[in-house]
Amino acid sequence: MVGAIGTKKAGRARQGRAAWPLGAMRQGMIALAAVLVIVVGCGSLASPARAFADDESDAPVIEETKATSADLVCKTARAGASGWQSTPGGKVAGAKSGSAAVTALRISYAGDVSGSLKYRTYQASSGWSDYVKADKTSGSKKASNPVQALRVKLTGELSKRYNVYYRVNLVGYGWTGWGKNGQAVGARKLASVRGYQVKLVKKGKKAPGSAKNRYFSKGAASAEAFYAQGGKTRTQLTRALNKAKGANSGLKAFGGKYNFNSKAGKKLKAAIKNLGRYKLSFTMIDLKTGRGISYNPTKVLYIASSIKGPYVAAINKYRAGSVGAGTRATMSSTIKVSSNEGYSSLRRRFGHGIMKKMMNYCGISEKEMTSTRNYPYMSSRTLAKLWVGTYWSYYRETNTRSAWARGLYAHPWNSFIDRGLSTPTRSKPGWYPGGGYNVQNDGGVVLSSDGHYVVAVMSSACGQYGKLANLVRAIDGVHADMVK
């Protein structure tokens, strides 16, 4: 029975379809084709439910999911550069090497997600700024007041969907760890920011890197951690220099081995040979690793005007509050043109006590040099110690005058360190022809992209600027080879 009924229903169904007039079928197909032409012409194939519905209220609604975007742009002002440097978010803004500090910054936001960001900077002489809104300037754009730390926060819906991560690159240290959502990154009162990165990362996604060593603060326990992570501490560098021994020991490496038969080593040996007729002593130490090289490092010679560099640094370190416009002018002439009158004036005003303090700061005993003599005798190793302390006071343990004071040492008169290198240097030469002295000395810090280092050269090669500049270039080549 069931089979019979099914057969009858099937037959009626076939009969019903076969009974449609051919003309009606043609009209239906024409109507359908017309609808398709209209749909294609209007570009609405992506929403078929709306295209075929007689009543939109009854039709299913198909919503398209749009990809959201959230982008940042960082604009940076740096010491010694004009205008603003624009960098896409996530890229390095500023620089990863050199000593030119960031003096101001702007961060702008563009995206589909509502909300924005705000940020603040810590500056060497003015402290933490207030938070500023996106694309507003935070900082002073003054080389004497560099940025040292940074905080960034998101606002509105953007803060619910994203985390903001950021880190800074510090002079004499390198990259800090990553901070996020308002955490401080940098080194307050310790070092200047020369570059930074800011990234937006969706909630739930991994951080771009470790947060370790993201922030250091002078006076806190983290200060020593900063120095240790960024390189050797001042005390450790002094100990490393004490390993350089011998008044006639020849060319040696300390803090680690070095092959002086390398290409750079052979150039250095040739430069030393070229000065063979003169008394010569030099010491070089890398400020991060504590590795170095020396040649007769404890040979004692007359210091001449090279002592003026560390003495002016001592004034800036211990008596900065007593320095007015007149004293600044005297300090400037003492360094830039090696004024003996200016130096004598400073010695009369500030005395020998600050030199004694500077010696203690640098780990130097009265046996190595006499603090009460305006122009003492000493070795290149002792001069290198003085310059480690000078560097530390100007770049690590700074005050409001440090940036100005260290600028005095750029391109001083008769510096063969400055003449020999295209890399930025801060140096103070000293020379004395005849009179039983006949010396040509120079000491300073080389702000190399390979790493900052101190070099001190003492010699009887008075007036031999070309040969001594060649020696410094050869030392620089060994340094680059040593730390690569």
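Cys462 is partly exposed, with a relative accessible area of 22%; that class lies between buried (under 20% relative accessible area) and exposed (over 50%), using a 1.4 Å probe and protein chains only. Cys74, in contrast, counts as buried at 1% relative accessibility. Both belong to a predicted model, in which local features need pLDDT of at least 70, side-chain atom pairs count only at pLDDT 80 or more, and totals for chains, interfaces and linings use all residues. Residues are numbered from 1 along each chain as its sequence is written, and side-chain values use heavy atoms, with hydrogens and water left out.

**The chain as a whole**

- The protein chain has 15 helices and 23 strands, taken as DSSP runs (H or I of at least four residues for helices, E of at least two for strands) and numbered from the N terminus.
- Of the 484 residues in the protein chain, 50% are buried.
- Among contacts (heavy atoms within 4.5 Å) with a separation of 6 or more in the protein chain, 66% are between residues 24 or more positions apart.
- The structure holds zero disulfides, a disulfide being a pair of cysteine sulfur atoms within 2.5 Å.

**Helix α8 and its cover**

- Helix α8 (residues 308-318) is mostly covered, as nine of its 11 residues are buried.
- Those buried residues include Lys308, Pro310, Tyr311, Val312, Ile315 and Asn316.
- Their cover includes α9, α10, α11 (353-361), α12 (380-396), α13 (402-407) and β21 (425-432).

**Helices α9 and α10**

- Helix α9 (residues 325-336) packs on helix α10 (residues 340-350) at an angle of about 130°, and their axes are 8 Å apart; axes are lines fitted to C-alpha atoms over the stretch in contact, with angles from 0 to 180 degrees between N-to-C directions.
- That makes α9 oblique to α10, the class left over once angles under 35 degrees (roughly parallel), over 145 (roughly antiparallel) and 65 to 115 (roughly perpendicular) are set aside.
- On the α9 side, Thr327, Thr330, Met331 and Thr334 meet residues of α10 including Tyr343, Leu346, Arg349 and Phe350.

**Around Val171**

- Val171 sits in the loop between β10 (162-170) and β11 (174-175), and counts as buried at 6% relative accessibility.
- Beyond its neighbours within four places in sequence, Val171 is in contact with Gly98, Ser99, Ala191, Ser192, Arg194 and His452.
- Val171 and Val193 are 22 residues apart in sequence, and their C-alpha atoms are 6.3 Å apart in space.
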